[in-house]
Amino acid sequence: LTDGGPHGFNTDVGGIVRALAEAGVAEAPRARIVGAGATATSALVALAERGARDVEVVARRPEAVEALRPVADRYGLSLAAAPLAQPPATDVPLTISTIPGGTELPADVTLALAEHGGTLFDVVYGHWPTTLATAWERAGGRALSGAGMLLHQAVLQIRLFATGDVDEPLPDEDGVVAVMRRALVGD
């Protein structure tokens, strides 16, 4: 609570942006999001911050994508909705999956997404590898887990708790991140 009232912070966006940059994923003017739930909103904003202009969201219920339209409009993104069961019509250099880790998709859907999806960033970190990530790797693609997002979210949260500002680096932040990385992913 501040003098201006309560403030909220979304560390999902910064976590995704930083994890993609750290993994060497180039800016993607076109991208795809799998899923249209709450995390899809964060993924949409992260894609805008990474230079996306056109984003396709594939969802079981394409009408659910309409809830993302105000966010897309705010960031100047072209937003298209597609049914999850329909094979993608175009290739994209980056796909962000926001579906829960235990979600099973039909094999033909996962293969079609993998063949047309560029690099996969799957926000899941607890159920790794996911069915989608496994399909991606079988198709010869690169799949990244959400562990990097989790790590960078935590750093942003600690910054907020320690300094009150998500943009203010921590003292010896590189050392903090190294210890956190070893604890989280072992490298």
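Which helix and which strand each supply at least two residues of the lining of the largest pocket? In this predicted model, local features need pLDDT of at least 70 and side-chain atom pairs count only at pLDDT 80 or more, whereas totals for chains, interfaces and linings use all residues. Residues are numbered from 1 along each chain as its sequence is written, and side-chain values use heavy atoms, without hydrogens and water.

Helix 2 (38-49) and strand 2 (54-59) each supply at least two residues of that lining (helices, H or I, of at least four residues and strands, E, of at least two are DSSP runs numbered from the N terminus). A pocket is an open set of points on a 1 Å grid over the protein atoms alone, where a 1.4 Å probe fits, with protein on both sides within 12 Å along at least five of seven lines; lining residues have an atom within 4 Å of a point. The largest pocket is lined by 16 residues, with Gly35, Ala36, Gly37, Ala59 and Arg60 nearest its centre.

The strands form an open sheet of 6 in the order 3-2-1-4-5-6, with parallel pairing (two strands pair if DSSP finds at least two bridges between them). Strand 3 (78-83) and strand 6 (143-144) are at the edges, each with a single partner strand, so one side of each lacks a neighbour in the sheet. Helix 2 packs on the sheet and touches strand 1 (30-34), strand 2, strand 3 and strand 4 (94-97), contact meaning heavy atoms within 4.5 Å. Strand 5 (residues 119-122) pairs with strand 6 in the parallel sense over 2 bridges, and Phe121 stands opposite Leu144 in strand 6.

Methods
Axes are lines fitted to C-alpha atoms, for helices over the stretch in contact, and angles run from 0 to 180 degrees between N-to-C directions.
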